[in-house]
Amino acid sequence: MATQGGVTDSGLSRPASCIPPGCDEYPTSSPVPFSEVEMVAAGWMLDFACRCLCRHFCEGNREDFERSRDLTLAIIKGLPRTEARQVKTICICQLLVGVAEGKSLDYRFGSDQTISPLENALAAWTSLQKMQSKQDKLHEDIKCLIQTQAVAVYMGKGYFKEAAEVLERLFPESVSNEPLRMKLAEIIKRKDPYHQFLQYFSFNLMTEKIKSYVTVFLNEESNNFLIKEATKEAETKISEKTVTEVQCESENEANGEKLPESMQRSHKLSYSLTGQEFWNLEQIQRPRRTIIKKRKTFQSKKILQNIENILKGDRCQPSDQKRQHWRFEEDQKLKDGVRKFGVGNWTQILQHYDFNNRTNVMLKDRWRTMVRLSIV
């Protein structure tokens, strides 16, 4: 039964607020199935999220990278089906997620929980290589670097048995005579995580090579619909904001006076109360215990992911000595040293690792900070 005057065929009136401006009714039919419309929109979102992920990876912004990572993985999981042109995008996302978590052996994703992040990254990279019509040196270099670091990460933590297991998974019996496999097998046998070969084919070198590949990908694939439209909208908003600010400044100069102090305080107070009302609403909707727990979880995660935040917990150095920030590699050396020699043997740990001219007191203070922040 046709609708008349906002009354549906069931006899119930439809609220005017449900009808978009400029439209009398929602479209009742379309020649295009909605599933196809959904697939197109999902493809745009996937491309957009992947490019955000690539940019944050290249810029080294950990917090933004993780936000884009969660969004990207959610989109991939929610795809009704995967089209052929989307396979490359998905592989790049899986590659970056695996590399970003390459040193976190507790991080797992996928059905096989025994596979390390770098092994997942290698699987994604292998798929990308198969899509390339022409193989160049960069592709082969990245493959060798991922293979090397997949073993080196375990060795750096003293897990030599696990490193040997990874080697067996990376190089099956059919390629047992491959030079790289033989070299890594020799290093594992020596139990030398600081072997010159591993230092040369380092984790940082692998990351830089992958950034080079991602940069090329971003330059080649720069016509994403959402990025173009969002850029136009952002430019419009910035332009409008600039014009408004200029007009306000001109009006203030013409009047030759500022707002009364009481009005300024009133404006600041209303702004503050608006924000406070929003957060109070959040607290009403969620139990306080849940909020505190999630806040602590977020803070702990941020500490683990942002090494710069950890440095804020260090003791201040004497004024006549220049402060040296602790790098991630130094923290790993300190963890390994404590694992091998025990807490308190700072002089012995200094003799076996390079800490950039630090003293045993600095090692002791750093270890206390790491324990306090629960990152050991």
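Which helices do the buried residues of H3 pack against? They pack against H1, H2, H4, H5 and H9. The model described here is predicted. Its protein chain has 16 helices and zero strands. Of the 376 residues in the chain, 30% count as buried. Among contacts in the chain with a separation of 6 or more, 61% are between residues 24 or more positions apart.

**Helix H3**

- Helix H3 covers residues 87-100 and has 14 residues.
- From its first C-alpha to its last, H3 reaches 20 Å, close to the 20 Å expected at 1.5 Å a residue.
- H3 is largely enclosed by the rest of the structure, because ten of its 14 residues are buried.
- The buried residues of H3 are Thr89, Ile90, Cys91, Ile92, Cys93, Leu95, Leu96, Val97, Gly98 and Val99.
- H2 and H9 are among the helices that these buried residues pack against, and each of the two is taken up below.

**Helix H2 and its packing with H3**

- Helix H2 spans residues 62-78.
- H2 has 17 residues and a reach of 24 Å between its first and last C-alpha, close to the 24 Å expected at 1.5 Å a residue.
- Buried in H2 are Phe65, Glu66, Ser68, Arg69, Thr72, Ile75 and Ile76.
- Two packed helices are described by the angle between their axes and the distance between the axes.
- For H2 and H3 the angle is about 140 degrees, and the axes are 11 Å apart.
- H2 is therefore oblique to H3.
- The crossing in which H2 passes H3 is left-handed.
- On the H2 side the contact is made by Arg62, Phe65, Arg69, Thr72 and Ile76, and on the H3 side by Ile90, Cys93, Leu96, Val97 and Ala100.
- By class, this contact of H2 with H3 has seven nonpolar residues, one polar residue and two charged residues.
- Phe65, Arg69, Thr72 and Ile76 of H2 take part in the contact and are also buried.
- An α-helix has 3.6 residues a turn, so residues three or four places apart point the same way.

**Helix H9 and its packing with H1**

- Helix H9 runs over residues 203-220 and has 18 residues.
- The distance from the first C-alpha of H9 to its last is 26 Å, close to the 26 Å expected at 1.5 Å a residue.
- The residues of H9 that are buried are Phe203, Met206, Thr207, Ile210, Lys211, Tyr213, Val214, Phe217 and Leu218.
- The cover over these buried residues includes H1, H3, helix H4 (117-131) and helix H5 (137-156).
- Helix H1 (residues 34-59) packs with H9 at an angle of about 140 degrees, and their axes lie 10 Å apart.
- H1 is therefore oblique to H9.
- H1 passes H9 in a crossing that is left-handed.
- H1 contributes Cys50, Arg51, Cys54, Arg55, Phe57 and Cys58 to the contact, while H9 contributes Thr207, Ile210, Lys211, Val214, Thr215, Phe217 and Leu218.
- The residues of the contact of H1 with H9 comprise eight nonpolar, two polar and three charged.
- Lys211 of H9 is part of the contact with H1 and is one of the buried residues of H9.

**Gln129 in helix H4**

- Gln129 is found in helix H4.
- Its relative accessibility is 11%, so Gln129 counts as buried.
- With neighbours within four places in sequence left aside, Gln129 is in contact with Gln135, His139, Glu140 and Lys143.
- Glu140 is eleven residues from Gln129 along the chain, and the C-alpha atoms of the two are separated by 8.8 Å.

**Residues with a positive phi**

- Most residues other than glycine have a negative phi.
- Lys191 is not a glycine, yet its phi is positive, at about 55 degrees.
- Lys191 lies in the loop between helix H7 (179-190) and helix H8 (196-200).
- The relative accessibility of Lys191 is 53%, so Lys191 counts as exposed.
- Asn357 is not a glycine either, and has a positive phi of about 65 degrees.
- The loop that holds Asn357 is between helix H15 (346-352) and helix H16 (360-372).
- Asn357 counts as exposed because its relative accessibility is 73%.

Terms used. Residues are numbered from 1 along each chain as its sequence is written. This is a predicted model: local features need pLDDT of at least 70, side-chain atom pairs count only at pLDDT 80 or more; totals for chains, interfaces and linings use all residues. Side-chain values use heavy atoms; hydrogens and water are left out. Axes are lines fitted to C-alpha atoms, for helices over the stretch in contact, and angles run from 0 to 180 degrees between N-to-C directions. Helices (H or I, at least four residues) and strands (E, at least two) are DSSP runs, numbered from the N terminus. Angles under 35 degrees count as roughly parallel, over 145 as roughly antiparallel, 65 to 115 as roughly perpendicular and the rest as oblique. A crossing is left-handed if the near helix is turned anticlockwise from the far one by less than a right angle, and right-handed if clockwise. Contact means heavy atoms within 4.5 Å. Ala, Val, Leu, Ile, Met, Phe, Trp, Tyr, Cys and Pro count as nonpolar, Asp, Glu, Lys and Arg as charged, and the others, Gly among them, as polar. The expected span of a helix is 1.5 Å times one less than its number of residues. Buried means under 20% relative accessible area, exposed over 50%, partly exposed in between (1.4 Å probe, protein chains only).
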